[in-house]
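The sequence and the coordinates come first.

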Amino acid sequence: MRQNFIEIPTSILQAEGILKFDVFLRSPEGYVLFAAKNVPLEKKVLSGLESVYIKSVYIDESDELFYREYLGKNISKFANDRSLDRDEKSRLMYDAARSVMRGLFEKEDLPEAISDVKVAAEVIMDNVLKDERAFLSLVKALSYDYYTYTHCINVAIYSIGIGKFLGLSLDDLRALALGAALHDVGKCHVDQEVLNKQEKLNDEEFNHIKKHAPFGFDILLDTIGEMDERILSAVRHHHEKLDGSGYPDGIKGEKISTFARIVAVADIFDALNTKRCYKEPMSTFETLAFMKNNMASQLDTNILKSFILCMSGK
Ligand SMILES: [Fe+2]
């Protein structure tokens, strides 16, 4: 049987002892087993690799689930590892958070997946609060290829940046990070064929996709009994527009919470700024200029201005 391999950064293997996946090196002759699963991996063996500039190793695609579990479990460790430089730490945290987020759309056990997302969102938020330059470093690490799970983590990172810039309290920031990370959780209950359709959606299909906002709200209420209005509003109302032209409730102005307005700005920015099969991404500058010039009646301009300042490192 043909094996497929996935490239991973060597630095991600933080010698946590026993790995549940095999690690391979690539040689001119093919892939060679470097460390077998379920056998303790020593730090000096890994340092040996890094000392000869082997920056990438490989895992068998069939072990991807175990690898993702490993990432999710180690996200706090990456965040607190003083031996990593800022950008390396951001890359590891982002990869880990992205894997956790992927679990949200693939795991059977939704409450467990949501609690993993909560940990990842808080680790990222803490990091952005502790380190003045962490936000832009994380933005540099973001993936611009669109998947629902990358989109969710990107939106969480942008929202945390905006929330911090606006001076939200720690408790508000925590709720914002989680609400933003979960804003599209309702897509779990949407027809995946329609969701992944590459051609233009017809009205019926588009109306079906729109239901992800109330679906997400229901998932949070029903599966984890979430009662926090800030989180619920970010999920239900992230597609509402200030002029009332949004969905699902068509509410206007002040009726839309600050949390939903922040997530709306982050959501639209990421959708325009990432690559889709049917479009090339717009640059950061083009996206922000487009939003400022064309969406003033729909988005909170103060929040958009704050986001522009965050993204320019002010
Ligand atoms: Fe959405």
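The C-alpha centres of domain 1 and domain 2 lie 33 Å apart. The model is a predicted one. Domain 1 covers residues 1-62 and domain 2 covers residues 85-311; these bounds come from an automatic or database domain assignment.

**Helix pairs**

| Pair | Axes come within | Crossing angle |
|---|---|---|
| H3 and H5 | 8 Å | roughly 60° |
| H9 and H10 | 5 Å | roughly 25° |
| H11 and H12 | 8 Å | roughly 40° |

The pair H3 and H5 crosses at roughly 60°, and H3 and H5 are therefore oblique to each other. Their crossing is right-handed. On the H3 side the contact is made by Arg86, Asp87, Ser90, Arg91, Met93 and Tyr94, and on the H5 side by Ala134, Ser137, Leu138, Lys140 and Ala141. Sorted by class, the residues of this contact are 5 nonpolar, 2 polar and 4 charged.

Helix H9 spans residues 203-210 and helix H10 spans residues 212-224. Angles under 35 degrees count as roughly parallel, and H9 and H10 are therefore roughly parallel to each other. The residues that meet are His208, Ile209 and Lys210 from H9 and His212, Ala213 and Pro214 from H10. This contact of H9 with H10 consists of 3 nonpolar, 2 polar and 1 charged residues.

Helix H11 (residues 229-236) and helix H12 (residues 258-273) have axes that cross at roughly 40°, which makes H11 oblique to H12. H11 passes H12 in a right-handed crossing. Arg230, Ser233 and Ala234 of H11 are in contact with Phe259, Ala260 and Val263 of H12. By class, the residues in the contact of H11 with H12 are 4 nonpolar, 1 polar and 1 charged.

How many of the residues of helix H5 are buried? The number is 6 of the 8 in the helix, which covers residues 134-141, so H5 is largely enclosed by the rest of the structure. The buried residues are Ala134, Phe135, Ser137, Leu138, Val139 and Ala141. They pack against four helices: H3 (86-106), H4 (110-130), H6 (148-165) and H14 (301-311). Among the residues of H5 that meet H3 are Ala134, Ser137, Leu138 and Ala141, and these are also listed as buried.

**Selected residues**

Tyr31 is found in strand E4. Its relative accessible area is 35%, so Tyr31 is partly exposed. Leaving out residues up to four places away in sequence, Tyr31 touches Phe5, Phe24, Leu25, Arg26 and Tyr58.

Asn38 lies in the loop between strand E4 (30-35) and strand E5 (40-41). Although Asn38 is not a glycine, it has a positive phi of about 65°. Is Asn38 buried or exposed? With a relative accessible area of 52%, Asn38 is exposed, the cut-off for that class being over 50%.

Pro248 is found in the loop between H11 and H12. The peptide bond from Tyr247 to Pro248 is cis, and its omega is near 10°.

Pro281 lies in the loop between H12 and helix H13 (284-294). At 34% relative accessibility, Pro281 counts as partly exposed. Its contacts, not counting residues up to four places away in sequence, are Leu272, Asn273, Thr274 and Lys275. Which separation holds between the C-alpha atoms of Pro281 and Tyr144? These atoms are separated by 7.8 Å, and the two residues are 137 residues apart along the chain.

Key:
Residues are numbered from 1 along each chain as its sequence is written. This is a predicted model: local features need pLDDT of at least 70, side-chain atom pairs count only at pLDDT 80 or more; totals for chains, interfaces and linings use all residues. Side-chain values use heavy atoms; hydrogens and water are left out. Buried means under 20% relative accessible area, exposed over 50%, partly exposed in between (1.4 Å probe, protein chains only). Helices (H or I, at least four residues) and strands (E, at least two) are DSSP runs, numbered from the N terminus. Contact means heavy atoms within 4.5 Å. Axes are lines fitted to C-alpha atoms, for helices over the stretch in contact, and angles run from 0 to 180 degrees between N-to-C directions. Angles under 35 degrees count as roughly parallel, over 145 as roughly antiparallel, 65 to 115 as roughly perpendicular and the rest as oblique. A crossing is left-handed if the near helix is turned anticlockwise from the far one by less than a right angle, and right-handed if clockwise. Ala, Val, Leu, Ile, Met, Phe, Trp, Tyr, Cys and Pro count as nonpolar, Asp, Glu, Lys and Arg as charged, and the others, Gly among them, as polar.
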